[in-house]
Amino acid sequence: MSNTPAANLADTLKRVLRHMPAPVGIVTSYTPETGEPVGLAMSALMPVALDPCSMAVAVNRSGASHEVMLRAGAFCINLLDPASGDHLTPFAGPAARDQRFTGSDWRQHGPIWYLGTAPAAILCTLRHVISHGTHDVLIGDVDDVFVTDSTQILGWGNGSLGLLAPLAKA
């Protein structure tokens, strides 16, 4: 039995999810016809399996990058740390779109752009698409992983960016 009326379910869940920490990243792909890079900021990303190594991202079908990512058949999850966190803003909305991929720390691996200073850039080939509600879950097999020395991964929780910190040992 639910305590939440059906009409308020999405709002209530959104309020709860706001407090649920999740990693934050920039997911990149490319336009197959032109090679132009595309990307979006997101926290809806997760590992799927280690055999085969695979990752998933949930992409809104109404977003500008959705169809392009499906046509490209590949994507890269760029996890961020405090030093690379400034890259997030241009990918979080269309207002600063012209500032995406302008920094000198962007690199290419084939047609896929990745952030060379990110703690991790996980390059994937799209294998499965699962549609549900407004989103598609894109599952990709991991082809390569670029890592730096940074071990701090930015997360999203309580409506803002932050770092997860280990609990002090007793």
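What volume does the second largest pocket have? About 210 Å³. A pocket here is an open set of points on a 1 Å grid over the protein atoms alone, where a 1.4 Å probe fits, with protein on both sides within 12 Å along at least five of seven lines. The volume is the space filled by probe spheres set on the points, and points are joined across faces, edges and corners.

Some ground rules. This is a predicted model, where local features need pLDDT of at least 70, side-chain atom pairs count only at pLDDT 80 or more, and totals for chains, interfaces and linings use all residues. Residues are numbered from 1 along each chain as its sequence is written, and side-chain values use heavy atoms, leaving out hydrogens and water.

Strands are DSSP runs of E, at least two residues; helices are runs of H or I, at least four; both are numbered from the N terminus.

Now the largest pocket. Its volume is about 1,000 Å³. Its lining has 32 residues, with Ala41, Met42, Ser43, Ala44 and His135 nearest the centre. Strand 3 gives the most, four residues. By class, count 20 nonpolar, eight polar and four charged. Nonpolar covers Ala, Val, Leu, Ile, Met, Phe, Trp, Tyr, Cys and Pro; charged covers Asp, Glu, Lys and Arg; the others, Gly among them, are polar.

Next, the whole chain. It has three helices and twelve strands. A compact globule of 170 residues would have a radius of gyration near 15 Å, and this chain has 17 Å, which agrees. That radius is taken over C-alpha atoms, and the globule rule is 2.2 Å times the number of residues to the power 0.38. The C-alpha atoms fill a box of roughly 50 × 45 × 40 Å along the principal axes. Buried residues make up 38% of the 170. Buried means under 20% relative accessible area, exposed over 50%, partly exposed in between, with a 1.4 Å probe and protein chains only.

Where does Gln99 lie? In the loop between helix 3 and strand 7 (106–109). Gln99 counts as partly exposed because its relative accessible area is 48%. The C-alpha atoms of Gln99 and His87 are 9.0 Å apart, with the two residues twelve apart along the chain.

Conventions:
1 Å grid on protein atoms, 1.4 Å probe; cavity = no way out; pocket = protein on both sides within 12 Å on 5 of 7 lines; lining within 4 Å.
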